[in-house]
Amino acid sequence: MPRRLIDRCRPESIREFRASARQRYHDGLALAGAGNRTAAIYLWGYAGEMTLKAAYFSLFGLAEEDLITVPGHIQPAINRGRAAPLSIAWPNQGAGHNVRAWAELLVGVRALAAATAYGPAFAVQVQGCGQSVWQLWRETLRYHKNRAYLYEVRHVREATEWLLVNSDHL
């Protein structure tokens with residue numbers, strides 16, 4: 001008997017985040033093309049989130065296949081972002097999915113070490129993409145029937161696409 005979908009999921013890791021981000025981005029393109037605009041934004045939000053998380057954990061030396069857990073990795077990253085000197089406004093609601101905060105964390109920790117800091121224009125672009133996605137996406141979007149406007153679809157798609165295209169430099 002074939003294994004169920006949920007049983008075929010691999011553990012969360014940098015490799016899984018990156019592969020899933022690309023897949024969800026392409027799924028979003030198909031949905032947008034079929035007129036399912038809100039569903040496209042929903043998937044692109046996750047693609048942006050996973051791309052930023054992969055970049056953050058890669059920066060800290062996790063191997064591509066290392067298991068990433070909420071208590072061992074996600075929550076400590078959030079706590080680091082909330083603490084000084086970064087002091088990122090990171091709300092409790094949906095904390096692990098806050099694309100804006102993940103972008104700020106990535107830029108902030110790189111800035112703390114001059115050797116890994118982004119150039120100013122690139123840093124602004126990373127944070128701008130995180131902000132663009134976060135303005136229009138939450139993981140709770142799935143519970144609502146609202147239909148996204150075309151310009152909203154374009155903003156989230158472009159921001160997510162930029163993050164994916166530049167993921168090797170994040």
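Author: Helices (H or I, at least four residues) and strands (E, at least two) are DSSP runs, numbered from the N terminus. This is a predicted model, in which local features need pLDDT of at least 70 and side-chain atom pairs count only at pLDDT 80 or more, while totals for chains, interfaces and linings use all residues. Residues are numbered from 1 along each chain as its sequence is written, and side-chain values use heavy atoms, with hydrogens and water left out.

The part I take up is helix 5, which covers residues 120–136. An α-helix has 3.6 residues a turn, so residues three or four places apart point the same way.

By contrast, V133 and R4, which are 129 residues apart in sequence, lie 32 Å apart in space, C-alpha to C-alpha.

Helix 4, one of these partners, has 14 residues and reaches 20 Å from its first C-alpha to its last, close to the 20 Å expected at 1.5 Å a residue. Helix 4 is mostly covered, with 11 of its 14 residues buried; among them are V99, W102, L105, L106 and V109, together with the arginines R100 and R110. The cover over the buried residues of helix 4 includes helix 2 and helix 3 as well as helix 5.

Helix 2, another partner, has 23 residues and reaches 33 Å from its first C-alpha to its last, close to the 33 Å expected at 1.5 Å a residue. Because 20 of the 23 residues of helix 2 are buried, it is largely enclosed by the rest of the structure. Helix 2 is followed by G61, whose phi is positive, near 85 degrees.

Helix 2 also meets helix 3 (residues 70–82), and the axes of the two come within 12 Å and cross at roughly 85 degrees; axes are lines fitted to C-alpha atoms, for helices over the stretch in contact, and angles run from 0 to 180 degrees between N-to-C directions. Helix 2 and helix 3 are therefore roughly perpendicular to each other (angles under 35 degrees count as roughly parallel, over 145 as roughly antiparallel, 65 to 115 as roughly perpendicular and the rest as oblique). In this contact K53, Y56 and F57 of helix 2 meet H73, I74, A77 and R80 of helix 3, and the residues divide into 4 nonpolar, 1 polar and 2 charged (Ala, Val, Leu, Ile, Met, Phe, Trp, Tyr, Cys and Pro count as nonpolar, Asp, Glu, Lys and Arg as charged, and the others, Gly among them, as polar).

The loop between helix 3 and helix 4 holds P85, and the peptide bond from A84 to P85 is cis, with omega near 10 degrees. S87 lies in the loop between helix 3 and helix 4 as well; its phi is near 50 degrees, a positive value in a residue other than glycine, and at 48% relative accessibility S87 counts as partly exposed.

Beyond helix 5, the loop between helix 5 and helix 6 contains R147, which is exposed, with a relative accessible area of 52%. Not counting residues up to four places away in sequence, R147 touches G35, R37 and T38. In helix 6 itself sits Y151, which at 43% relative accessibility counts as partly exposed.

How values were computed. The expected span of a helix is 1.5 Å times one less than its number of residues. Contact means heavy atoms within 4.5 Å. Buried means under 20% relative accessible area, exposed over 50%, partly exposed in between (1.4 Å probe, protein chains only).
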